[in-house]
Amino acid sequence: MQTTKFREARLPWYTIYPAVSEFSGAVGAEAYEEWLRNLPANDPVSLYLHVPFCRSACWYCGFPTTITRRDAPILNYLAALRDEIRLVSERVPKTLPVSDIHFGGGTPSLIGPAEFLALMEFLRCRFAISKTATVAIEIDPRTLTPEMAEGLGAAGVNRASLGVQSFDPIVQKAINRIQSEAQTSAAVEMLRRHEINRINFDLIYGLPRQTVESCVETARAAVAMRPDRLAVFGYSHIPSQIKNQRLIEEEFLPDSPVRAEQHAAVAVTLSAAGYQEIGLDHFALPDDELALAQKTGRLRRNSLGYSADTCRTLIGFGASAIGRIGQGYVQNEVTRDSYIQHIADGRLATSKGHRLTDDDRARAAIIERLMCDFEADLPAICAAYGSDPIRLLDSAERLAILAKDGIVVFENGFVRVRREHRFLTRAVAAAFDAFLDREGLCIPRR
């Protein structure tokens, strides 16, 4: 069997399809402006605001961030962010309803309490934010202050995602992220004190000097704080593309079999603690939105990972932010300086994107269902997008290999990933990826 080859392949994470690597300058600010003007006036939308600042560099991190000890760069960036919000809101048909807001980074909780409250108030002036909207923020527990926790509660934040990664001090030193259990617990208590009760944790396996035992100990410490959900990601080591990963000691990275053992051990630990497995890398308590969405077939996959958000439109604000409109995807200028300059010139900061074809939409729907449900109804999806399932299957050459190895089965038009091989679901999704190199699987893309 070729499971080792598939396990070790560097494949897209399939949070979106096509991957960002397929975006081009053929879709820019002019196209995005047209798409915004043609948005349905009454359809709820989601907002994503990217804040690319951190106080220190975590060596494993692959996101573009600026390390700063000063607040001035953050304040200058916030001014540009407000201007972009104004530019976008002036181009949509009317005050759009909003059901989900997500602040990502970086460390968006570095925004001061007063500034965050003002930003939320500005958003409410420009958009019709639902009283029941999910307002989520990513937090570094090491820098969260009581004042900021209070400000987040006052601003209407109701979900917080805390970076944990590992509680093992040996691993923390190896990735330049020292964070005690006490710091994390204190952050959780501060948030809950201000009625931010929906808590997410991010964990990572496959880190340098990490063992199966330390992964299990981290998982046990995490569930003792009873977050509503946990994301458990595998570390992706690509030092040729991510400079700070060059500081990682490669000789201490666990190999593929050990990584698989680490993931399995964490999954067993979390399941024993009452968490349900969601897709490939999330775990949630039974009453969490992700668990309920999975139960009712509403689980989605977007640029942030697994989601219960069913909005068709995601408007992204900030440097490198990705947006999704009915016609396709757009991404802002990646570098902070270039982004700020575009906004200062009174222009949308869109630098590239992708206009979706009907074939893209059909493949994206198949990939999303595979990633969420581990199965896809090919005839139904193809009928919805006017595609020929026979032609699509003929183009999915790798499916024959996957079927021969017993990784997938075909039943009544459904392609299903066998339960024992679900860790290879990305390889199954890749069979439907029209952009992937047909000569090989080992292509690092997100």
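Y14 is found in the loop between α1 and α2. Helices (H or I, at least four residues) and strands (E, at least two) are DSSP runs, numbered from the N terminus. The model is predicted: local features need pLDDT of at least 70, side-chain atom pairs count only at pLDDT 80 or more, and totals for chains, interfaces and linings use all residues. Residues are numbered from 1 along each chain as its sequence is written, and side-chain values use heavy atoms, with hydrogens and water left out.

Backbone geometry comes first. Most residues other than glycine have a negative phi, and most peptide bonds are trans. Y14 is not a glycine, yet its phi is positive, about 55 degrees. The loop between α1 (3-8) and α2 (29-37) also holds P18. Y17 and P18 are joined by a cis peptide bond, with omega about -5 degrees. A cis bond also runs from G105 to G106, where omega is near 10 degrees. G106 lies in the loop between β4 and α4.

Strand β4 (residues 97-105) runs parallel to strand β5 (residues 128-139), and 6 bridges join them. Two strands pair if DSSP finds at least two bridges between them. The chain passes from β4 through helix α4 (residues 113-126) to β5, and this β-α-β crossover is right-handed. The term applies if, with the strands pointing away from the viewer, the path from the first strand over the helix to the second runs clockwise. H102 stands opposite A136 in β5. On to strand β6 (residues 159-165): β5 is joined to β6 by 4 bridges, and the two run parallel. Here E138 stands opposite S161 in β6. In a regular strand the side chains alternate between the two faces of the sheet.

Helix α4 also packs against a helix. The axes of α4 and helix α5 (residues 146-155) come within 8 Å and cross at roughly 15 degrees. Axes are lines fitted to C-alpha atoms, for helices over the stretch in contact, and angles run from 0 to 180 degrees between N-to-C directions. The angle makes α4 roughly parallel to α5. Angles under 35 degrees count as roughly parallel, over 145 as roughly antiparallel, 65 to 115 as roughly perpendicular and the rest as oblique. α4 passes α5 in a right-handed crossing. A crossing is right-handed if the near helix is turned clockwise from the far one by less than a right angle, and left-handed if anticlockwise. From α4, the residues P113, F116, L117, M120 and R124 meet E147, M148, G151, L152, A154 and A155 of α5. Contact means heavy atoms within 4.5 Å. By class, this contact has 8 nonpolar, 1 polar and 2 charged residues. Ala, Val, Leu, Ile, Met, Phe, Trp, Tyr, Cys and Pro count as nonpolar, Asp, Glu, Lys and Arg as charged, and the others, Gly among them, as polar.

Helix α8 (residues 212-224) and helix α9 (residues 256-272) have axes that come within 9 Å and cross at roughly 30 degrees. That makes α8 roughly parallel to α9. Their crossing is right-handed. On the α8 side, the contact is made by V212, C215, V216, A219, R220 and V223; on the α9 side, by E261, Q262, A265, V266, T269 and L270. These residues divide into 8 nonpolar, 2 polar and 2 charged.

Helix α12 (residues 358-373) packs with helix α13 (residues 378-385) at an angle of about 150 degrees, their axes 9 Å apart. That makes α12 roughly antiparallel to α13. The crossing of α12 past α13 is right-handed. D358, R361, A362, A365, I366 and R369 of α12 make the contact with L378, I381 and Y385 of α13. The contact residues comprise 6 nonpolar, no polar and 3 charged.

An open sheet of 3 strands has the order β17-β19-β18, with antiparallel pairing. β17 (375-377) and β18 (408-411) stand at the edges, each with a single partner strand, so one side of each is left without a neighbour in the sheet. The twist averages 15 degrees from one strand to the next. β17 and strand β19 (residues 414-417) run antiparallel, joined by 3 bridges. The bridge partner of D377 in β19 is F414. α12 packs on this sheet and touches β17 and β19; its direction makes about 140 degrees with that of β17. α13 also packs on the sheet, touching β17 and β19, and its direction makes about 50 degrees with that of β17.
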